[in-house]
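Biologist: Before we discuss any assignment, could you set out the basis for each term as we go? I would like every label to be set against its cut-off.

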Amino acid sequence: MKIIDIKTYVVSQDLGGSKFAYSQNWYNTRTIMLLKIVTDEGIEGWGECFGPAHAHKAIIENYYKPYLIGKNPLDRELIWDDLYNLLRDHGQFGLSVESLSGIDIALWDIAGKFFNQPIWQLLGGKRRKTITPYATGLYLREEGDPQEYMPKEALGYIEQGFKGVKMKVGFGIDNDIANVKAVREAIGEELFLAIDANHAYDVPTAIKLAWAVEEYNIAWFEEPVIPEDLEGYKRVREGSSIPISGGEAHFTRWGFKRLLEGGCVDIAQPDACVTGGISEVMKISTLCSVNGIRLVPHVWGSAVALHAAINLCFAMPDMPPSLFPEDMLLELDCTPNIFREQLAGSPIQIKNGYIYPTEKPGLGLEVDEDLIEEYLVV
Ligand code: MG
């Protein structure tokens, strides 16, 4: 089997009136970079790259595609090493690794279809019967009082069957404290509630926030400080009783080695579309088990990203293993995104708060190419 083409698609959905913000930016579009690797045997694999879509298109078409044409798509590890090495001197993290992530995911999709097996099977087998999605939402809106709309939104997720929610903070700690209090009071004392600052704070402010919301039973405090500040992460972790998480802006086994060995996080959150693909998340999962750190993948993309993460969640080991391990959690973004909701035909099915595995080969989805055509930018 040989790779004969790589097609790249930048797709964008205008969100119209439903603009929302996290601590760094407002969103009024969902723009995503998808790619399809085509083989001479008619098998096609889909991948997705997180981040600046037009830049990924340029990197893949100008640098990765010329190398990939003619290669055996089952040579995933060889291809990963060669493509990483191709831009190593210019991009050990960031755009070039995100572009490589999409290629790796598409190669796994091809392998699954070639062997007629789901990716979780090729990764070594299904370690659990279910995975537990939590709802990511509770962003800032342009209008309204967050202490009114955030609790309402959280309750909506709980009514849909989610066992927990993650809310955005990073909007000034007085606002954050009031918002967290309102959400916790709305959903009750027990349900899972995590907070995510998207690195809005410095160390003293992050520690101050952690102490202030400690009484609200917070599952974790995500990205308290900037991703470069590993010493800062460590100081926040040491200064807070809430578990600290991070990893969506960290790249490859080398980046996670620094994060884990630096004592920065209690929970690592690699994203398959960011950190080097499914192959690299499995390597990071091994690093997590070596360092005694739990892994909860970050996901914020289309159905392709979601299915990559679902396959990983079924295959990754418990950390730590036991008769009664913690549920394997899956981040399920609930903000508007037609590519998450409709690219695979229908949204992910959640039954009684759980996602069950499918036996479909590869990623386990059939991509609606008409939807891509409809929202194609370039
Ligand atoms: Mg986050």
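Modeller: The domain assignment of the protein gives domain 1 (3-116 + 369-375) and domain 2 (121-341), the bounds coming from an automatic or database domain assignment. This is a predicted model, in which local features need pLDDT of at least 70 and side-chain atom pairs count only at pLDDT 80 or more, while totals for chains, interfaces and linings use all residues. Residues are numbered from 1 along each chain as its sequence is written, and side-chain values use heavy atoms, with hydrogens and water left out.

Biologist: What makes Asp-196, Glu-222 and Glu-248 the protein donors of the magnesium ion?

Modeller: Donors are N, O and S atoms within 2.8 Å of the metal (3.2 Å for Na, K and Ca), and sites may look incomplete since water is not among the atoms. The OD of Asp-196 and the OE of Glu-222 and Glu-248 lie 2.0 to 2.2 Å from the magnesium ion, so they meet that limit. Along the chain these donors follow the spacing D-x25-E-x25-E. Asp-196 in strand S9 (residues 192-196) and Glu-248 in the loop between strand S11 (244-246) and helix H9 (252-261) are 52 residues apart, and the pair links distant parts of the chain; helices (H or I, at least four residues) and strands (E, at least two) are DSSP runs, numbered from the N terminus.

Biologist: Why is Thr-275 called buried, and why is Gly-188 called partly exposed?

Modeller: Buried means under 20% relative accessible area, exposed over 50%, and partly exposed in between (1.4 Å probe, protein chains only). Thr-275 has 0% relative accessibility and therefore counts as buried, whereas Gly-188, at 26%, counts as partly exposed. Thr-275 lies in the loop between strand S12 (267-268) and helix H10 (277-291), and Gly-188 in the loop between helix H6 (173-187) and S9.

Biologist: What makes the pair of Arg-30 and Asp-333 a salt bridge?

Modeller: A salt bridge is a side-chain nitrogen of Lys or Arg within 4 Å of a carboxyl oxygen of Asp or Glu. The closest N and O atoms of Arg-30 and Asp-333 are 3.0 Å apart, so the pair qualifies. Across the interface of domain 1 and domain 2 the rule finds three salt bridges.

Biologist: How much area do domain 1 and domain 2 bury between them?

Modeller: About 3,400 Å² is buried between domain 1 and domain 2, with 68% of it on carbon and sulfur atoms; buried area is the accessible area (1.4 Å probe) that two parts lose on being put together, summed over both. In domain 1, Arg-30, Phe-50 and Trp-108 lose the most area to domain 2, together 19% of what that side buries.
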